[in-house]
Amino acid sequence: MILKQNQIVNILKIESCSDTVHIFSAVAQAKKDLSKIEFVVLNVLDGSNHSNCDCCIYGEDKLSIHRQNAIVKEKYAHNSIFADLIASQYRCFVRNIRFKIKHIQLIGKEEFCNSSDVLHPVIYASVKENKIAICAKIAYNYLNPLHLIEWFEYQIMMGVDTVLISLQQVNEDAHVVLNHYEKEGLQN
């Protein structure tokens, strides 16, 4: 069999995404009704030359399989001139799938979906409808407990039901206030 030069070039472009693209998380679009999820975002380290992959999407029993083109959503090439792997996001559209997605993998265009290869679990974010959450900056050093109580009560009046605060060392009185609101279910 004699191959023409353009055929050889095309053969060289075929990549194994499972060898060059490393998934570290797969997150389904946040929707209360799981049947309305339109895509899964894959956060990856991408070492591929062409970013030409497909998503293999598996159900509970790994027998329900759907294959879909993986779209590059974002590449984070900041200061990566010499990096072999680039942080990237792929998006796999799943709106026509009629089973609950449990696992996902990326494969090359010429590869087959294979559930015996490495599969990555799909994470489903919890969704609260008509709820408000806020993130506060890192709390450290001395915090006036009266001001902290006033701040939390104002947030409650404004309809906030979840507060996320990254804590460093705080004074004991402030820690007591923070523990109180955590027990109330407001502060995480």
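Q: Is Cys-56 buried or exposed?
A: Buried means under 20% relative accessible area, exposed over 50%, and partly exposed in between (1.4 Å probe, protein chains only). Cys-56 has 0% relative accessibility, so it counts as buried. Bear in mind that this is a predicted model, where local features need pLDDT of at least 70, side-chain atom pairs count only at pLDDT 80 or more, and totals for chains, interfaces and linings use all residues. Residues are numbered from 1 along each chain as its sequence is written, and side-chain values use heavy atoms, with hydrogens and water left out.

Q: What does Cys-56 pair with in a disulfide?
A: A disulfide is a covalent bond between the sulfur atoms of two cysteines; here the test is a pair of cysteine sulfur atoms within 2.5 Å. Cys-56 is joined to Cys-113, S to S 1.9 Å. Cys-56 sits in strand E3 and Cys-113 in the loop between strand E6 (103–108) and strand E7 (120–123), 57 residues apart. (Strands are DSSP runs of at least two residues, numbered from the N terminus.) The S-S torsion is about -80°, so this disulfide is left-handed. Cys-113 counts as partly exposed because its relative accessibility is 24%.

Q: How many disulfides does the rule give?
A: Two. Cys-55 and Cys-92 also form one, with sulfur atoms 1.6 Å apart, and at -55° about the S-S bond that link is left-handed. Cys-55 lies in strand E3 (residues 53–58) and Cys-92 in strand E5, so the pair ties together parts 37 residues apart in sequence. Both Cys-55 and Cys-92 are buried.

Q: And where does Cys-135 fall, buried or exposed?
A: Cys-135 counts as exposed, because its relative accessibility is 65%.

Conventions: Helix = DSSP H or I, 4+ residues; strand = E, 2+ residues; numbered from the N terminus.
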